[in-house]
Amino acid sequence: METNYEGIWVPIITPFSNGQVDHPALAKLASHLAAGGVAGLVVGATTGEGALLLPGEQEAIFATLRQAVPQLPLLLGVSHASTQLAAEQARRLSALAPEGFLVTPPVYVRPSQEGVRRHFEVIVEAADRPLLIYNIPYRCGVTVEVETIAALARDPRIVGIKECGGSIERLARLIQETPLRVFSGEDHLNFPALCLGGHGTIAASAHLRPELHVRMFECCRQGRLAEARDLAAALRALVHDLFAEPNPAPLKSILASQGWCANELRLPFVPASADLAERLLQHWAQLPQDD
Ligand SMILES: O=C(O)C1=N[C@H](C(=O)O)C[C@H](O)C1
């Protein structure tokens with residue numbers, strides 16, 4: 001499969017039913033996202049509750065998605081405190097032939113930038129497949145600095161970054177100073193990131209009305225900025241409230257209300273509050289209707 005690392009990618013949720021992965025719901029949701037024009041899926045990242053999956057579940061989810069949406073490239077999330085365990089996970093998952101990996105820096109242990117760089121070097125060697133760096137300091141406790149990213153980008157297997165640093169300045173530097181495909185992972189910064197020349201987004205919010213996100217991406221690409229800005233404005237309140245409580249709880253509540261999955265998360269995630277769930281439905285009802 002020829003993979004263009006660009007466009008709107010979705011870090012797909014993991015639907016659960018009575019504690020087990022709900023594979024039929026997963027396949028149905030993935031087909032719906034594909035029909036909405038998304039460019040690819042990420043399996044077992046933050047939104048997919050990747051940190052909470054049990055041994056073998058990420059592989060099973062991958063198999064279901066490969067069968068349901070064979071036309072879509074799939075990235076696998078990898079995240080550990082230990083370089084050794086992350087590399088073992090990447091080596092094992094590599095046998096599934098994913099189009100790539102989305103890898104966080106080591107979580108919790110807060111190493112130096114040299115330690116962060118060596119973590120990615122060991123993992124890309126083990127995976128020997130395209131790798132995107134997942135910079136998400138508020139979840140990992142460590143930032144991958146731009147200089148570290150530029151050094152890693154010398155390896156041709158390191159193809160991109162999903163940036164959740166929350167800074168326009170950093171997004172601009174990554175786009176201008178590295179050869180990487182730069183994806184916005186901060187949903188409220190997706191539009192500015194695309195205006196700066198970002199290559200796409202990996203956005204939990206694109207589960208909902210994916211075609212609006214795809215249209216916003218295409219408008220930015222084609223220089224139809226007024227139209228893109230209107231779409232970003234229409235999505236703003238919903239995107240904001242999807243992160244008013246820890247992702248993916250708000251997202252699962254709205255997906256559940258539409259019948260895509262049960263409103264079930266794995267602890268320590270808990271379902272969204274009733275107030276927020278109600279607000280999300282109001283935002284949803286105000287999205288632009290289909291043409
Ligand atoms: O799972 C992801 O990938 C994303 N995670 C972010 C988070 O919740 O930390 C949000 C982003 O939309 C995608």
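## Starting with a proline

Where is the place of Pro268? Pro268 sits in the loop between helix 11 and helix 12 (274-285); helices here are DSSP runs of H or I with at least four residues, strands are DSSP runs of E with at least two, and both are numbered from the N terminus. A cis peptide bond joins Leu267 to Pro268, with omega about 15°.

Before going on, a word about what you're looking at. This is a predicted model, where local features need pLDDT of at least 70 and side-chain atom pairs count only at pLDDT 80 or more, while totals for chains, interfaces and linings use all residues. Residues are numbered from 1 along each chain as its sequence is written.

## Another cis bond, and the ligand

There's also a cis peptide bond between Asn247 and Pro248, again with omega about 15°. Pro248 belongs to the loop between helix 10 and helix 11 (249-257).

Asn247 turns up again around the ligand. The ligand has 14 residues around it, and Pro11, Thr46, Thr47, Ala204 and Asn247 come nearest; a residue counts as near a molecule or strand if its C-beta atom, placed from the backbone, lies within 6 Å of it.

## Strands side by side

Let's turn to strand 4 (residues 40-43). Gly40 and Val42 on one side of strand 4, and Leu41 and Val43 on the other, are all buried, so both faces are covered. Buried means that 20 or more other C-beta atoms lie within 10 Å of a residue's own; with 12 or fewer a residue is exposed, and in between it is partly exposed, with C-beta atoms placed from the backbone.

Strand 1 (residues 7-12) runs parallel to strand 4, and four bridges join them; two strands pair if DSSP finds at least two bridges between them. Ile12 has Val43 as its bridge partner in strand 4, and Trp9 stands opposite Gly40. Strand 1 also runs parallel to strand 10 (residues 200-202), joined by three bridges, and there Trp9 has Ile202 as its partner. Five of the six residues of strand 1 are buried, so the rest of the structure largely encloses it.

Strand 4 also pairs with strand 5 (residues 74-78), in the parallel sense and over three bridges. One of the links is between Leu41 and its bridge partner Leu74 in strand 5. Strand 4, helix 2 (residues 57-68) and strand 5 make a right-handed β-α-β unit: with the strands pointing away from you, the path from the first strand over the helix to the second runs clockwise.

In soluble globular proteins, nonpolar side chains tend to be buried together. Here the largest nonpolar core has 84 residues, and Leu41, Ile123 and Ile133 touch the most other members. The largest share of this core, seven residues, comes from helix 10 (residues 225-242). A core like this is a set of buried Ala, Val, Leu, Ile, Met, Phe, Trp, Tyr and Cys residues joined through C-beta atoms within 7 Å.

Who does Ile123 meet, leaving aside its neighbours within four places in sequence? Its contacts are Val78, Ala86, Ala87, Ala90, Val103 and Leu131; contact means C-beta atoms, placed from the backbone, within 7 Å of each other.

## Phe217, tucked inside

Phe217 is part of helix 9 (residues 210-221). It is buried, because 26 other C-beta atoms lie within 10 Å. Phe217 and Asn247 are 30 residues apart along the chain, and 23 Å separates their C-alpha atoms.

## Two loop residues with positive phi

Ala97 isn't a glycine, yet its phi is positive, near 60°. You'll find Ala97 in the loop between helix 3 (83-94) and strand 6. Ala97 is exposed, with 11 other C-beta atoms within 10 Å.

Arg110, also not a glycine, has a positive phi of about 55°. Arg110 lies in the loop between strand 6 (100-103) and helix 4 (113-127). Leaving out residues up to four places away in sequence, Arg110 touches Gly141 and Val142. Arg110 and Gly141 are 31 residues apart in sequence, with their C-alpha atoms 6.1 Å apart in space.

Key. Two residues are in contact if their C-beta atoms, placed from the backbone, lie within 7 Å.
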